[in-house]
Amino acid sequence: MTSPSLVSKLSAEFLGTFVLVFGGCGSAIFAASVMDANNGVNMGIGFAGVALAFGLTVVGMAYAVGHVSGGHFNPAVTLGAALAGRLPWRDALPYWITQLVAGVVAGGVLLLIATGRPEFSIAENGFATNGYGEFSPNGYSLAAVIVCEVVLTAIFLYVILGATDNRAPAGFAPLAIGLTLTLIHLVSIPVSNTSVNPARSFGVAVFAGGDALAQVWVFFLAPLAGAAIAGLTYGFLFPNTSEVLEERPEPVDRVQRRDI
């Protein structure tokens, strides 16, 4: 079988990243809080629903196109994969550009939909952006956000590298990766609104502008640092020991027999 062309890989990365940003951020923008006008009850999906939405996008797209490009959909994943020797470095820059462009396109489509509601305002309703300090959902500091994003991205990469290891059970990697991303969001939505993915952060910050765009550097730096930690250490922590010599019985013709 021939390897997919770079064009095919980039197409897969564009589609997967677009769906991740559109589905995940879209759930936060449109469905997290939906008030029933009659009784004032929130009929939205809340934090748990948004977390699940991000996880489901990865599961679906990893199964759909992961076999073409590796299913990164995230510049941090691409960095970790390259450092771990899973991706040629010559492909890293095209992957990064494609992922960032796809995130921006998804953000643009989300804004187009959102402005179809006359009372929608990014300033008042938010646009699923990430932030620290007063722009953190629960007011967490810059230091807290950096630690959270670095640790969770490293965990995410360890799971990705482990689930796609040739020693891992075949066919289950998308489930493990998607469920882990769900868990990551359950932990960190109150802290940073969860990034672990520069393309996800940049795709909506471009349109939110202002402080969201001014703070987006953190959501490049911290996820890339976490991914680098995992990519550089995975091989040392979990070396491939599959090539173990087995003891074999000595050939009969070499067994020395005693004359009787």
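Tutor: Buried residues make up 43% of the 260 residues in the chain. Buried means under 20% relative accessible area, exposed means over 50%, and partly exposed lies in between (1.4 Å probe, protein chains only). The model is predicted, so local features need pLDDT of at least 70 and side-chain atom pairs count only at pLDDT 80 or more, while totals for chains, interfaces and linings use all residues. Numbering runs from 1 along each chain as its sequence is written, and side-chain values use heavy atoms, with hydrogens and water left out.

The chain has 10 helices and 0 strands. The C-alpha atoms fill a box of roughly 105 × 35 × 35 Å along the principal axes. Of the contacts in the chain with a separation of 6 or more, 74% are between residues 24 or more positions apart. A contact here means heavy atoms within 4.5 Å. The accessible surface comes to about 13,800 Å², and 65% of it belongs to carbon and sulfur atoms. Such areas come from the Shrake-Rupley method with a 1.4 Å probe; for residues, only the protein chains shown count as cover.

The part to examine is helix α4, residues 89-114. Phe-14, Leu-93, Ile-97, Val-101 and Val-105 make a nonpolar surface patch of about 400 Å². Patch members must have over 30% relative accessible area and no salt bridge; nonpolar side chains (Val, Leu, Ile, Met, Phe, Trp, Tyr) are joined within 5 Å, like charges within 9 Å. Helix α4 gives the most to this patch, with 4 residues. Leu-93 sits in α4. It counts as exposed because its relative accessibility is 52%.

Now a buried position. Gln-99 is also in α4. Its relative accessibility is 0%, so Gln-99 counts as buried. This is a polar side chain with a partner: the Gln-99 side chain makes a polar contact with the side chain of Glu-13, at 2.9 Å. A polar contact is a pair of N or O atoms within 3.5 Å; within protein, one must be able to donate a hydrogen and the other to accept it, and residues adjacent in sequence count only if both atoms are side-chain atoms. Setting aside neighbours within four places in sequence, Gln-99 is in contact with Glu-13, Thr-17, His-72, Phe-73, Asn-74, Pro-75, Thr-78 and Ala-199.

Follow one of those contacts. Thr-17 belongs to helix α1. Thr-17 is buried because its relative accessibility is 0%. Beyond four places in sequence, Thr-17 touches Phe-73, Asn-74, Gln-99, Ala-102, Gly-103 and Ala-199. The C-alpha atoms of Thr-17 and Val-58 are 8.9 Å apart, across 41 residues of chain.

A charged pair also links α4 and α1. Asp-91 and Lys-9 meet through their side chains in a salt bridge (3.8 Å, N to O). The pair connects distant parts of the chain: Asp-91 in α4 and Lys-9 in α1 are 82 residues apart. The rule asks for a side-chain nitrogen of Lys or Arg within 4 Å of a carboxyl oxygen of Asp or Glu. Asp-91 is buried, because its relative accessibility is 6%. Lys-9 is buried too, at 16%. By this rule the count is 4 salt bridges.

Elsewhere, Arg-167 and Asp-165 form one of them, at 2.6 Å from N to O. Arg-167 is partly exposed at 37% relative accessibility, whereas Asp-165 is buried at 10%. Shared partners join Arg-86, Asp-165 and Arg-167 into one network.

The largest nonpolar core has 43 residues, and Cys-25 and Phe-156 have the most contacts inside it. Helix α4 is among the helices that each supply at least two residues of this core, including α1 (6-31) and α2 (46-69). Helix α6 gives the most, with 7 residues. Membership requires buried Ala, Val, Leu, Ile, Met, Phe, Trp, Tyr or Cys residues joined through side-chain atoms within 4.5 Å. Not counting residues up to four places away in sequence, Phe-156 touches Asn-74, Val-77, Ile-177, Thr-180, Leu-181 and Ile-184. In soluble globular proteins, nonpolar side chains tend to be buried together.
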